[in-house]
Amino acid sequence: MSLRSKHCKQLLLVCACAFTLWGQSDRGTITGIVLDPTSAVVAGARVNVVHESTNQSYSTVATASGNYPVQPLPIGRYRMEVQAEGFQRFSRPDIVVTAGSSIRVVAVLEPGSVPATN
């Protein structure tokens, strides 16, 4: 085996190990869809998740197809709220995000207005 061939094999091994380690993460995602009670999508709904230990907030908006991704999220326990005009607020506590996880939450919004808070 030539020296050049040996170095090429070592380089490939190092790259393969690096990509394997890079793929592992301490993050996860919360994804899902926002629907009304008739299973019609609610585009433009505001999705907010809050890390319960740090109170850090992460927000996104549901797409035209009602889908939303909130990523990448540090591991931990989250609470989620979804709001859209003409609908009551949807809340979900105790969503646990682990390393590499993808948690799917289907948010069904009930018709009605959200009372104003002062």
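This is a predicted model: local features need pLDDT of at least 70, side-chain atom pairs count only at pLDDT 80 or more; totals for chains, interfaces and linings use all residues.
Which residues is leucine 109 in contact with, leaving aside its neighbours within four places in sequence? Select leucine 109: the list is Val34, Leu35, Asp36, Pro37, Val42, Val82, Ala84, Phe87, Gln88 and Phe90, where contact means heavy atoms within 4.5 Å.

Residues are numbered from 1 along each chain as its sequence is written, and side-chain values use heavy atoms, with hydrogens and water left out.

Next, select aspartate 36, in the loop between strand 1 (27–35) and strand 2 (46–51); strands are DSSP runs of E, at least two residues, numbered from the N terminus. Aspartate 36 is buried, that is, under 20% relative accessible area with a 1.4 Å probe, protein chains only. Its side chain and that of threonine 38 are joined by a polar contact of 2.7 Å (a pair of N or O atoms within 3.5 Å; within protein, one must be able to donate a hydrogen and the other to accept it, and residues adjacent in sequence count only if both atoms are side-chain atoms).

Move to asparagine 55, in the loop between strand 2 and strand 3 (57–61). Asparagine 55 counts as exposed because its relative accessibility is 53%, and exposed means over 50%. Its side chain makes a polar contact of 3.4 Å with the side chain of arginine 79.

Last, select residues 11–22, where the pLDDT is below 50. Beyond near neighbours in sequence, this stretch has zero contacts in the model.

Notes. Helices (H or I, at least four residues) and strands (E, at least two) are DSSP runs, numbered from the N terminus. Lys and Arg count as positive and Asp and Glu as negative; His and the chain ends are not counted. A salt bridge is a side-chain nitrogen of Lys or Arg within 4 Å of a carboxyl oxygen of Asp or Glu. pLDDT is the predictor's confidence in each residue, from 0 to 100.
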